[in-house]
Amino acid sequence: MHVRAVAVTTTALLGVALTAPLSHARADEAADDGPVVVAHRGASGYAPENTLAAVDRAAELGIRWVENDVQRTRDGELVVVHDESLARTTDVEEVFPDRSPWKVKDFTAAEIARLDAGSWFGAEYAGARVPTLKQYVDRLEHNHQKLLLELKSPGLYPGIEQQTLKALANEGWLDRRHVTGRLVVQSFDADSIRTVHDLKPAVKTGFLGTPAVSELPAYAEFADQINPSYSSLSMSYVSAVHAFTGPHGRPLEVLTWTVNDADTARRVAGYEVDGVISNKPDVVRDAVD
């Protein structure tokens, strides 16, 4: 995850009535003694990010929550990849040398399916592919895992919110069991998250960023989580977020990213965050346990 500009203006966020604070309650699967641990792009410290291999590695480590990034191909397929360009994590420059700057949105699903998304990470992952969203959630289902799904750069893909919800519904991920404990949709784009909430109010949502405390009442209208970078966190900010009630009648939660070492994990756990997103989720889990 990389910080992007908030798509909601301060003016649009002001003027909303303050929500009465409630006592803090941790995220659904949090243990009493620590936050939920989420595998960032899968266990991306140990396997190529956003691939099925990274999902499986997280499962092997006993990590139930997995984060991913969703974008759309030129012919309308939803695929799981982080960067707007395919160049960093695939061999697209070799396969399609004349297609610079190799944007996801400029390639068809069939073209992307040809790419090697694993060799850059290690020879043992040669031949790993960029998964479609369907392939990704099917693997999560097989592994009995849960999904923190990020809509990546939704401004590039008009209507991706509705399309993503439809794809999730087609795979059974919008039934009660999933929406009450196995799915969160998040984005750096506040308008996109508001759209998800409006289209499917039952789905839990998260905003990626650190809004001013004065803006939190507005975010609480459509977001269940405020998910900032750990470098922007303080105990007072986490407490301020927890004081507001989200759209599902529970205190807003805080999931922080991307924490990969034990000392930082213990520090943010001390702030009483609800979740920690990590490339090395086992390191975080062992530290906060």
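Analyst: Helices (H or I, at least four residues) and strands (E, at least two) are DSSP runs, numbered from the N terminus. This is a predicted model, where local features need pLDDT of at least 70, side-chain atom pairs count only at pLDDT 80 or more, and totals for chains, interfaces and linings use all residues. Residues are numbered from 1 along each chain as its sequence is written, and side-chain values use heavy atoms, with hydrogens and water left out.

User: OK, where does proline 101 lie?
Analyst: Proline 101 is in the loop between helix H3 (92-95) and helix H4 (109-113). A cis peptide bond links serine 100 to proline 101, with omega about 5°.

User: What about tryptophan 257 and threonine 258, what kind of peptide bond joins them?
Analyst: A cis one, with omega about -25°. Threonine 258 sits in the loop between S8 and helix H11 (262-270).

User: And threonine 256, buried or exposed?
Analyst: Threonine 256 counts as buried, at 0% relative accessibility (buried means under 20% relative accessible area, exposed over 50%, partly exposed in between, with a 1.4 Å probe and protein chains only). Threonine 256 is in strand S8 (residues 253-256).

User: Switching topic: which loop holds histidine 144?
Analyst: The loop between helix H5 (133-143) and strand S4 (146-151). Histidine 144 has a positive phi of about 60° although it is not a glycine, and it is exposed, with a relative accessible area of 56%.

User: Asparagine 50, what's its phi?
Analyst: Phi of asparagine 50 is near 65°, a positive value in a residue other than glycine. Asparagine 50 counts as buried, at 2% relative accessibility.
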